Amino acid sequence: MADQTLFRDTIFGLSSGALPAGVGVIRISGVEARNALFSLAGNIPPPRQAHLMELHLPGGEVLDRGLVLFFPGPRSFTGEDCAELHLHGGRAVIAAALKALSEMPGFRLAEAGEFTRRAFLNGKLDLIQAEGLADLIAADTEAERRFALENSNARHGKLYEGWRKRLIHAMAMIEAELDFADEGDVPGSVADSAWADIAALREEIESHVGDFRTAEILRKGFRVVILGAPNAGKSSLLNALARREIAIVTEEPGTTRDVLEVALDVAGQKIVLFDTAGIRDRPGRVEAIGIERAKASASQANLIIVLEDMSGSASPIDLPEGVKALRIGSKSDLAASRQPDGAYDHVVSARTGEGLDGLLNMLEAEAKASIAHRGEVMPFRLRHISLLREAGKHLEKAVQIENPLLELRAEELRLAATALGRISGKIDAEDLLDTIFSQFCIGK
């Protein structure tokens, strides 16, 4: 754990929601947290116990009566001495408390994310847990909440640290062969035993990276793009599914020029719908830009709804490869006659509501199917993917280099281990020496 004197300032900030509220929670962290409680409450409650106390301003005037908690470091969120003031959540009450703290020597208002940053620097969290915590706070749906909660524990750190230790072990074998080949307890060609594990590790990392698409769906939602000709009813369908007016709907074709989106919570699963410009031949200049954006959105979709007006004629639309599409008939209430069975995957009417619940059920099923084969631990940030791919690249180079060039192979392994260590923020150069001398009785 980092020394608390590393941080000279004691920080404070409102940790609860927007004001006014029933309760406003002010968090304090730093070496002067005890003094803040003495100044405001006249005493310090027993550690980790909530006590109802009367708080006073510097001049002796009563500020409020509320719950006061004290968490001595290192057994606190940040690893420092921490305190919490649970006050009435009125704007004037919180403003007075924050003003009183700001006037104390060595105190300042916390910057965004600074409590979590101190927790990381003090060894209470790794970078992956901090990112998972940020996602948990931002979660809108039950699926997002569960996934973020999984990511805020230590599972990712244990996985990446385990991979890094396997690399360090391989590096130790190589270093031992290079530098201590004349020692009696270092067997010959000991480095050869590590390369099978390196090859297996490279495959494990590649498989892990492949789970990122599923993680993106869980974090950001299942992307559904609605494509169709002008006046096919795309905007009306978007509004009907969202149950509010998101897009402008008129009888004039080409009303939608840009991509509109709305997020839906469907049985705890986040589904993001995208309304796009109508696709047709010989569009106007501005409309053509909208069509290009529609096609770009479709290429990044998890699912495409090809919407066709059942009351009129339909023109074929070129779809991107590799993206599943549902053919949906719209304006079923205006259709003179129903299409034969099998012409559409489903039919709807945004005007009467016919088929909307069925369509939502279909989207829910598609979203759940997309995450059905998820891995136990998945990379959930582009930062993770970048570093994992970097590690994989160095492992590939290490495997391809000829055996006599052990120094170069060892360097590639070192770079791969460094990339893995950067994911969680744990990189210790002493690990290599510790591993070497713990496995061989060199120099005893």
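**Helix packing and the nonpolar core**

Mentor: The chain has 14 helices and 12 strands, and the model described here is a predicted one. Of its 444 residues, 47% count as buried. Among contacts between residues at least 6 apart in sequence, 61% join residues at least 24 apart.

The part you ask about begins with the largest nonpolar core, which has 58 residues. Within this core, the residues with the most contacts are L167, L273 and L413. Helix α13, residues 406–424, supplies the largest share of the core, namely eight residues. A second core of 23 residues is separate, and F12, I26, L40 and F107 are included in it.

Leaving out residues up to four places away in sequence, L413 touches L167, A170, M171, I174, W195, I198, L395 and A398. One of these partners, L167, is itself named among the residues with the most contacts inside the core. Two others, L395 and A398, take part in the contact that α12 makes with α13, while W195 and I198 belong to the α7 side of the contact with α12.

Consider next the pair α12 and α13. Two packed helices are described by the angle between their axes and the distance between the axes. Helix α12 spans residues 382–400, and its axis lies 8 Å from that of α13, at an angle of about 165°. Because angles over 145 degrees count as roughly antiparallel, α12 is roughly antiparallel to α13. Their crossing is left-handed. On the α12 side the contact is made by R383, H384, L387, L388, E390, A391, H394, L395, K397, A398 and V399. The α13 side contributes R409, E412, L413, L415, A416, A419, L420, R422 and I423. By class, the residues of this contact comprise 12 nonpolar, two polar and six charged.

Helix α12 also packs against α7, which covers residues 195–209. Here the axes come within 10 Å and cross at roughly 150°, and α7 and α12 are therefore roughly antiparallel to each other. This crossing, too, is left-handed. From α7, the residues W195, I198, L201, R202, I205, H208 and V209 meet I385, L388, R389, L395, E396, A398 and V399 of α12. The contact divides into 10 nonpolar residues, one polar and three charged.

L303 is found in strand β10, residues 303–309, and is buried, with a relative accessible area of 0%. Apart from neighbours within four places in sequence, L303 is in contact with F222, R223, V224, V225, V323, K324, A325, L326, L363 and E366.

H51 lies in strand β3, residues 51–56, and is partly exposed, with a relative accessible area of 32%. The C-alpha atoms of H51 and L69, 18 residues apart along the chain, are separated by 6.7 Å. Residues up to four places away in sequence aside, H51 touches P45, P46, G66, L67 and V68.

Terms used
Residues numbered from 1 in each chain as written. Predicted model: local features only at pLDDT ≥ 70, side-chain atom pairs only at ≥ 80, totals over all residues. Heavy atoms only, no water. Core = buried A, V, L, I, M, F, W, Y, C linked by side-chain atoms within 4.5 Å. Buried < 20%, exposed > 50% of the residue type's maximum accessible area, 1.4 Å probe, protein only. Helix = DSSP H or I, 4+ residues; strand = E, 2+ residues; numbered from the N terminus. Contact = heavy atoms within 4.5 Å. Axes fitted to C-alpha atoms, helices over the stretch in contact; angles between N-to-C directions. Parallel < 35°, antiparallel > 145°, perpendicular 65-115°, else oblique. Left-handed = near helix turned anticlockwise from the far one by under 90°. Nonpolar A, V, L, I, M, F, W, Y, C, P; charged D, E, K, R; others polar.
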